[in-house]
Amino acid sequence: MAREIGEPGVAKSSTTKKHKRRKSKKEIKTRTVHANILYDQAKGGDNPNRHYANNKIKTTKYTLLSFIPKNLFEQFHRFANVYFVFIALLNFVPVVNAFQPELALAPVVFILSVTAIKDLWEDYRRHRSDKEINHMDCLVYSRSERQYLECYWKEVCVGDFIRLRCNEILPADVLLLSSSDPDRLCHIETATLDGETNLKQRQVVRSFIDLDTEFDPLKYNSVIECEKPNNDLNRFRGYITHRNGRRDGLYKENLLLRGCTIRNTEEAVGIVIYAGHETKAMLNNSGPRYKRSKLERQMNVDVFWCVVILLVMCLFSAIGHGLWMFQYGDKRPVFDVLSPEGTDLSPVVSAIYLFLTMIIVFQVLIPISLFVSIEIVKICQVYFIHQDADLYDEETDSHLQCRALNITEDLGQMQYIFSDKTGTLTENKMVFRRCIVAGVEYSHDANARRLAMYQEVDSEEDEGLSRGGTLPRKESLTSQHSGGKAVLRSQSTKSHRRTGSRAEAKRASILSKHTAFSSPMEKDITPDPQLRDKVNDCGSQMEFMRFHNQLLSQISPDLQDVFDFFIALTICNTVVVSSPNQPRQKVRRFELKSPVKTIEDFIKRFTPSRLTSASSSSSSTSLATNRSSSHRACSSLLSSPSAESTLARLEEERGATPGIRGALGTTPACPHAGGSVAGGSDEGELRYEAESPDEAALVYAARAYKCSLVGRLADQVTIELPHVGRLSFELLHTLAFDSTRKRMSVVVRNPLTEQITVYTKGADSVIMDLIRPPAADDSKGKRQRKILFKTQNYLNLYGMDGLRTLCIAKRVLSKEQYASWLRRHLEAETAIQGREELLFESALRLETDLHLLGATGIEDRLQDGVPETIAALRRAGLQIWVLTGDKQETAINIAYACKLLDPEEEIITLNADSQEACAVLLDESLHYIQAKFLCSSSADPCAAGVFQPDYATLQFHAPPTSSGTAGPVVVHRLGLVIDGRTLAYALDKSLEDKFLAVARSCRSVLCCRSTPLQKSMVVKLVRDKLKVMTLAIGDGANDVSMIQVADVGVGISGQEGMQAVMASDFALPRFQYLQKLLLVHGHWCYSRLANMILYFFYKNAMFVALIFWYQFYCGFSGSAMIDQWYLIFFNLMFSAFPQLITGTLDKDVSADTLQELPQLYMNGQNSEEYKPYMFWMNMIDAFYQSLVCFFIPYFAYADSDVDLFTWGTPITTLALLTILLHLGIETKTWTWMNWASIAFSIVLFFMVAMCYNASCPTCYSPSNPYWTMQRLLGDPLFYLMCVITPIAALLPRYFYRACQGSLFPSPVQVGRQLDKVPLGLRRHLVNQRTAHRTPLYPLGPPFLKGCSSKITDPYSSNPKQKAQAASPICLKSMEMKDTPGSSKNPVNHLEHHDELSLPSSEIIWLTSTPLMPQMECVQLISPPSGASPGVTYQKNQESLDCPQQNILKQTCGERLSDSPDSQ
Amino acid sequence: MMASSYNAKEEDGHHSGSVGPGGPGTGKSKKPDNTAFKQQRLPAWQPILTAGTVLPAFFAIGLIFIPIGIGLFVTSNNIREFELDYTGVEMSSPCFNCSQTYSWNNSCRCSVPFTLEQPFESNVFMYYGLSNFYQNHRRYVKSRDDSQLNGDKRFLTNPSKECEPYRMNDKMPIAPCGAIANSLFNDTLELYYVYPNGTKTAIHLVKTDIAWWTDKHVKFRNPAGNNDNLTITFQETTNPINWHKPVYELDPTEPDNNGFINEDFIVWMRTAALPTFRKLHRIIQKKDSLTPTLPPGNYTLDIAYNYPVRSFDGRKRMILSTISWMGGKNPFLGIAYITVGSVCFFLGVVLLVIHHKYGNRSSNAEIPN
């Protein structure tokens, strides 16, 4: 019930509006659909439907003919491609050409064709899937054959009649004209559209409801007028005009959408309204989005720098050439060849020509193959992520899906995680845990043990933990709650570890394939013996009394409460029952009756005679076989019919004879129903299909006590009670759940007492307020008060235990009360304006003066490993925000359970009613945070003045662990809880900065009751304002907007279906896989790609620089000593494979270590593998290496008879060897593939060179390298150079890496060293490190020692804490200087200034762990009036005072590394 | 949306059990294979670069390189080499007069005396060296027609466009065309041994086998036809502008060394890599094992000074050199090896210090006990 129902609509509303606006511009607003059978297919000319799209779908982009031009056109949208083509074309200009023009085209053609092949393949896959879909079968009515014939989907046209059978998928958008269901309903499952697995009812068009006979397409002669195709799934308007001129409205309840599955309905017939691409499903199908990763953005900056370097080099050469020409003056040297026309070129003109030539020669500097290589590597990375067995979920037999191929490396750079709660952190499997009935708590220990058992079956690893968890649970009986608070907490979190053994789960998933929310864990509930006894007791008493015709009111109120409690559990819901024998077949109804819809109806039904008649009847009082009334029946779930139809019903109702009903009133309990459910006692076979898991959980719980729901019809609910047997309750009204009321009610007539009873179920906060205050004095009142008090106490405990609480209450209405209520309710129902509000008020009127029956505690079980995952992610430096639509209490409970909130943390709760109040609240909390954690910057020992200089000097060598982009991240041990309404105010432009300032300084943020739109706004705000990388994870349709806004969207392919998955970039089966996805794969992908990109820049720069140096020795003439073939294919062939292998397979740290030390993730967050300076360092290294590679051959061959290309080929070889060995230094793991690829590259180069140099003596002008390589291979000098040059070139880098590894190893390097340690020892080390918080850095750099010694710390005598202070993470918080927003307003600046001097965590006087976490929290709640908001500091300890502040100042230096702590 | 969901189902094996008529009955698991490759657990060598681990490499490189370097240095020093600049820049130089002209083929002669202090054993190679001559200029390098030089008849009379503006002369195709051929080095060098009594003996200079074998026999070929009479073969062509004789008269003494397969021509056509270069001109063959090929003493170099270098401030040299297995005299590689070896050794020591100072602490911190 508490699920986020109805929220998807909010997100859609904006698109709907847009759509409407667009629509209104169109001239013709409607489409008219006639039946096709009226027209001969042969002459389709006069068929009015012929203009509509047919059902053939085509999602391919290209056809055979259009592929090449269209694909090229698309590829040229990429700037790089245009550039390369430009250069290739430049080569065709004779004056400036550098290479053979045809050859220069080769790389471009290669790149374009690789991309084209990829596109072609993707398109082919689309084509195949299209074909598969187009060739699915369905039954279409054929005019000539006069029956339904099998047809392919693609042959279906608008206006065709289609017969649909159970479990078939709808081929098009179909208007429902007939259904085999007696209610003329058709159930569909829309999982593929919106992911909701529950069944939805669709209704036959009103004019066809009354048809008694089977629908005959030949008799159909109506015209449908409806909207133009649009993409709004929740909207359909139109009307159908019959031959007789009668018009009927068409609503979305009449439309079956393409892609949905027919369920529970044997057969349905409909007419196609929209087909193919005009169906709503297809119109919703937007193509994949292109996201560009952060790394790529960074890379593009450096590509730009490459262009600058290129231009500088070209300009330099051009000027050099001009000067060189100029020095000869008029003396024409023989080697200065005239232009082809024989004219002399002036130095200036030659310089200009040369500039262009150099652009061609140096084009390699812009890494042409980089883009292709990155794509290839990313595809491989995606493949490996996809193949990871750890990310495979056996239960659902699904593994991770990467839907976005180009942002894998972003996974390694996340800074903020925004998570949904229900279904993401939790399983969305509601398990009944405990209940309170009439003030008595039934703890269901056996159930708890059973749940615990699910865990024990699992791995041995968890054994100790889960045992530790279950043991105290056994003790925690009802009486022990007061003392057992802390224990309870630890259990509840531990018990969330595992939901069940894998095998069990798998079996469950097979069993429950057709029914949502019914895994054995949810279904099998072990009843509490005490309560079961009571239920039995109650049942037998009831039986006895009924037998003796006594009044039921004589039962003790206790037992009556128990009885009512279970009735409420069973009937106060919208669960649909289906029987197993015919899958998805609804239990047939034999008693038919519509809910009370009119006053007349009411009067008829509740005549005095009838009220007295059947008090002992076990069945419902009436059994009507009135077919017409049954056909008319309209489920109350559906929107109310128009006033017109109510009138019609009124008249028909009048015609019905009450006598029949009265006569049949005493018929024993529905024999037919019992008959249809074969072996009805075996109620385990019944399937419950609930809209929300909570409902299912309650129904299953009731069933455990033998109170089971047997059947639910539109107007009646049949249940079975122990001893009593089957009872049919007449269902008068269902007041559906809504999020403002936070409750739902059913109004039934109790067949035993004939009382009209309202059963209400809802959030405890609302229900408790609606309870009728007990009478003052009498014993009953006292008892009531006691019950209320006890219940409230237990509810609080439940809440702390992380259970979802629901209160159950009832109200008995007198006939008069009901009549008066009904009158106004009917008025509300028929009202045209403000119906919603009127209905709402009507519901409020009904749900008052309730009598509390009890309360339930449902466990929304956390998914496996959620607390561990959150702890690990947090240690990895990720900020985790939970955005949920759930209510505040539940959200907080779950947050505690999954360790998002820590009991030691203070919680700031923001609840405001108005903009102003919100502003004040934010100010207050900012001040509070400052006051609490303030140490004035001047007195602060860790102020910038002391540490900053030290740090700055070493910054270059030691990769800083600070988060460079995130600005100051001062995370206090604070939790922020904000509700949806306040969030709306806080997200306002004027307040968002303040909100962020508050939220950022909190360790965890919890947004409750937030709408999908708010979720996306929060993500957007954080992403844009803080300039951080954001990840949004969610499972439901309400998370879609958030997923789309975030840099990386992750969908949980859980129970809520596909909507989130469709919008996501990655789809995970479970939340806990996020840990490996981010910490391991993200880290790897990022570090691999970052290293590869840097390597690419290096490689190209190094290669091009060789030619640049040569320009000094060839008169800047643009001559290249490297053969043009080598020059062009160097990147594409010779040096391509090793880097691809390394880019795909290299692991800087092993997966185990990455998961054991989540801190290593910060490496990616801070972009440490690829910082701007690294590009320049690599460039400098590249220039150095190219100098070595150039000048060693230069001097070795100085003043010799070597010719141009015999000299250039060794240089190429040396460059290749150097480049490959350079990669070798950067490669961290050498698998056989690395060896093979490097060997392959070298061999390939020599083979190609040999073949090339032996192939043609006259070709390949001008280099004409005939026999060069062969001759070189006979030259000892060549080998001597091959040995010395790479070594000399790589010496500095190798030396630097070695020194870095010893002197100031990065965390990643330490992690790598840990890899070497044997597993057992490593685990010991890691644990030790975690436990004792020894710094991660074994070699505390000297300056850190100095840092810690400067801290005078009289309070802490603990040497460990000094070590902590020395940990580099201490630097992190000090290093922050500036924020983007700080310059904007001075106040803000001050705040930030204060913030950076705040201690990050662990204040000494907070160490006494409070037992009740909620006890210490700051309630910032503004009074509704909007007057001065009250700030309540609820704490065990007194709030700040001066001495404490002094302590704070002193302890400031003790920045505790918040990374390895995990209490 | 639906189509993509189907795609997802098809491609990624998304298993939504409730979709599809007939229900899902296939029990095929999508579980990824547990192979070392797919799980990225390939056995791998994981070198960790720290002072301790790379130490041996540095010392090894040092220890290997220094001896090699010494060996190379000694080898290079054993090579005899003599260089004679005969450009005639100084007034005192015998060729000063000849050098003053900018024109080709001024048929000026001069002779430069020189003394060899040490005997040249084994074969002696005679090079001519040019400085400041940019044979590697981009447009110069391109200015040739390999097909013509390979004896292709079609290109003989219709040379490639690349040869422009040295393609046609007076409407006659130039053979060999192009700027490289046009600027052929055309000094004639003759070497005389001057006995102490003053008499001069010409030293026999071998003019064959100075080009690459493949060039002479594969790349360069005279146009097919009557090989005996190259005059007829080349009759429709004209000689390059700077030449004073046609290509078939390059070597009047030996018919096999004429036309495109003249070895001096072939050597010239192999464009030098750097602006200062030498090209093999002649070989002085060792006569017998007893006497050195070139005994110490006085020599005279007789030069037919045709080639102008003043326009580009060039220098012309005559070089006599013996060669070893590693080619001509060049101490660079030896020095380079010694230097790199020493640097490695030094860095090795530095690393050793680092290792001793910090490495222990590192391992202590890493591994207790």
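Analyst: What follows is a set of questions and answers on a predicted model, in which the values are set against the cut-offs that give the labels.

User: How many residues of chain A are in contact with chain B, and how much area is buried between the two chains?

Analyst: In chain A, 134 residues are in contact with 114 residues of chain B, where contact requires heavy atoms within 4.5 Å. The area buried between chain A and chain B is about 10900 Å², and carbon and sulfur atoms give 63% of that area. On the chain A side, A:V334, A:F335 and A:D1199 supply 7% of the area buried against chain B, more than any other three residues.

User: What makes the meeting of B:R317 and A:D1199 a salt bridge?

Analyst: The side chains of B:R317 and A:D1199 come to 2.9 Å, nitrogen to oxygen. The cut-off is 4 Å between a side-chain nitrogen of Lys or Arg and a carboxyl oxygen of Asp or Glu, so the pair meets the definition. Between chain A and chain B the count is 4 salt bridges, and there are 25 residue pairs in polar contact with both residues at pLDDT 80 or more. The largest share of the side of chain A that touches chain B comes from helix α47 (residues 1276-1303) of chain A, with 17 residues. The residues on that side divide into 69 nonpolar, 38 polar and 27 charged.

User: Why is A:R1293 called buried, and what is it in contact with?

Analyst: A:R1293, placed in helix α47 of chain A, has a relative accessibility of 10%, which is under the 20% limit, and therefore counts as buried. Leaving aside neighbours within four places in sequence, A:R1293 is in contact with A:N1178, A:D1181, A:Q1185, A:H1222, A:I1225 and A:E1226.

User: Is B:S147 buried or exposed, and how do you know?

Analyst: B:S147 has a relative accessible area of 17%, and because buried means under 20%, B:S147 is buried. B:S147 is found in helix α5 (residues 146-149) of chain B, and its contacts, leaving aside neighbours within four places in sequence, are A:T1258, B:D152 and B:F155.

User: What makes strand β26 of chain A largely enclosed?

Analyst: In strand β26 (residues 743-749) of chain A, 7 of the 7 residues are buried, so the strand is largely enclosed by the rest of the structure. Both of its faces are covered, with A:R743, A:S745, A:V747 and A:R749 buried on one side, and A:M744, A:V746 and A:V748 buried on the other.

User: How do you know that β26(A) pairs with β25 and β27 of chain A?

Analyst: Two strands count as a pair if there are at least two bridges between them. Strand β25 (residues 725-738) of chain A and β26(A) have 6 bridges in the antiparallel sense, and the bridge partner of A:L735 in β26(A) is A:S745. Strand β27 (residues 756-763) of chain A and β26(A) are also antiparallel, over 7 bridges, and in β27(A) the bridge partner of A:V748 is A:T757. β26(A) and β27(A) form a hairpin with 6 residues between them, and A:E754 in the turn has a positive phi of about 60 degrees.

User: Why is helix α39 of chain A described as largely enclosed?

Analyst: In helix α39 (residues 1124-1134) of chain A, 9 of the 11 residues are buried, so the helix is largely enclosed by the rest of the structure. The buried residues include A:Y1126, A:F1129 and A:F1134. A:D1123 caps the N-terminal end of α39(A), with a side-chain oxygen 2.8 Å from the backbone nitrogen of A:W1125.

How values were computed
Residues are numbered from 1 along each chain as its sequence is written. Chains are lettered from A and ligands numbered from 1 in the order in which they are written. This is a predicted model: local features need pLDDT of at least 70, side-chain atom pairs count only at pLDDT 80 or more; totals for chains, interfaces and linings use all residues. Side-chain values use heavy atoms; hydrogens and water are left out. Buried area is the accessible area (1.4 Å probe) that two parts lose on being put together, summed over both. A polar contact is a pair of N or O atoms within 3.5 Å; within protein, one must be able to donate a hydrogen and the other to accept it, and residues adjacent in sequence count only if both atoms are side-chain atoms. Helices (H or I, at least four residues) and strands (E, at least two) are DSSP runs, numbered from the N terminus. Ala, Val, Leu, Ile, Met, Phe, Trp, Tyr, Cys and Pro count as nonpolar, Asp, Glu, Lys and Arg as charged, and the others, Gly among them, as polar. Buried means under 20% relative accessible area, exposed over 50%, partly exposed in between (1.4 Å probe, protein chains only).
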